[in-house]
Every structure is written in C-alpha cells, then in structure tokens.
Amino acid sequence: MKITTIVSVLLPTASSAFLTSPFATNQVSQPTKLHAEPLESGSTVVVCVGPTCKRTGGKRTVPIFEELAAEIGVNVETISCVSECAECGLGPNVEVRKVGDDGPFYPIKNGIKTEEDVKSVLGIN
C-alpha cells in the first residue's frame with residue numbers, strides 16, 4: 001500500500017513536468033541585432049567581390065562602404081576572396097581589420113548585403 005501511494009503521488013507530478021515547458025510561450029522571438037563598436041579611423045574593411053560574393057551582392061555594397069567609411073576615416077579595399085572559399089556560401093563577406101589588430105586572420109562578417117548591414121559592420125547608426 002505504501003509503494004502504491006508514493007507512486008500515485010509522484011507520477012502525476014513527474015509526468016506533468018514533461019508536458020509543459022517553463023519556456024513555452026505564444027510569442028515569437030525576434031533575432032537580436034548586434035551592433036559593433038565604431039571602427040577607429042585608420043581601420044580597414046575588405047569587401048569580397050569574388051564570384052559567389054559578387055553574385056549575392058558584394059559588389060553592390062562597395063559604393064555603400066566607400067561612402068559611409070570615408071565619413072569615419074575607415075579604408076575600403078576589395079579582394080577576390082576573403083576566406084579562400086571557406087565562407088563563400090555565407091556571403092557577401094567582409095573582413096574587418098581594426099587598427100592595432102595583427103593578422104593574418106581577421107574577423108569576417110557574413111551576409112553583408114544592405115546599407116543597414118554596412119552600418120552595422122562600421123559600427124555607425
């Protein structure tokens with residue numbers, strides 16, 4: 001009798017724990033937009049204009065980078081491939097070379113297609 005009572009008391013409690021989640025909600029979460037610190041004057045962004053990045057919009061972002069980067073003293077360069085094809089499918093890609101950073105490996109930002117994306121890379125509003 002004692003065992004049956006314990007099981008009947010614990011079983012409903014344990015099973016209900018698996019039926020509901022404390023994280024369940026009816027709201028759809030929105031992705032968090034991360035903003036970089038503003039790049040210092042003298043920093044460089046290298047925009048990939050290789051075949052894949054060019055096709056997905058890399059070449060269209062170059063004039064946007066040139067216009068906005070000039071306002072904060074950041075240099076803009078282009079290259080045929082910033083990641084030697086390791087991240088081509090994630091492009092258009094932009095390598096960020098902050099003042100004082102030593103290479104040869106610099107952070108690469110992926111999917112930079114719009115003016116908003118460019119501003120995010122440059123750390124400006």
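This report covers the cysteines and salt bridges of a predicted model.

**Cysteines**

Across the whole structure, 0 disulfides are found. Cys48 takes part in none, and its nearest cysteine sulfur, that of Cys53, lies 3.6 Å away. Since a disulfide requires sulfur atoms within 2.5 Å, the sulfur of Cys81 is likewise too far for a bond, at 3.9 Å from the closest cysteine sulfur, in Cys88. Cys48 is buried, with 2% relative accessibility, whereas Cys81 is partly exposed at 22%.

**Salt bridges**

| Pair | N to O |
|---|---|
| Arg97 and Glu77 | 4.0 Å |
| Glu95 and Arg97 | 2.7 Å |
| Lys119 and Glu115 | 3.5 Å |

Glu95, the partner of Arg97 in another salt bridge, is buried, its relative accessible area being 7%.

Lys119 and Glu115 both sit in helix H4 (residues 115–122); because they are 4 residues apart there, about one helical turn separates them. Lys119 has 24% relative accessibility and counts as partly exposed, as does Glu115 at 41%. Through shared partners, salt bridges join Glu77, Glu95 and Arg97 into one network.

Definitions and conventions. Residues are numbered from 1 along each chain as its sequence is written. This is a predicted model: local features need pLDDT of at least 70, side-chain atom pairs count only at pLDDT 80 or more; totals for chains, interfaces and linings use all residues. Side-chain values use heavy atoms; hydrogens and water are left out. Buried means under 20% relative accessible area, exposed over 50%, partly exposed in between (1.4 Å probe, protein chains only). A salt bridge is a side-chain nitrogen of Lys or Arg within 4 Å of a carboxyl oxygen of Asp or Glu. Helices (H or I, at least four residues) and strands (E, at least two) are DSSP runs, numbered from the N terminus.
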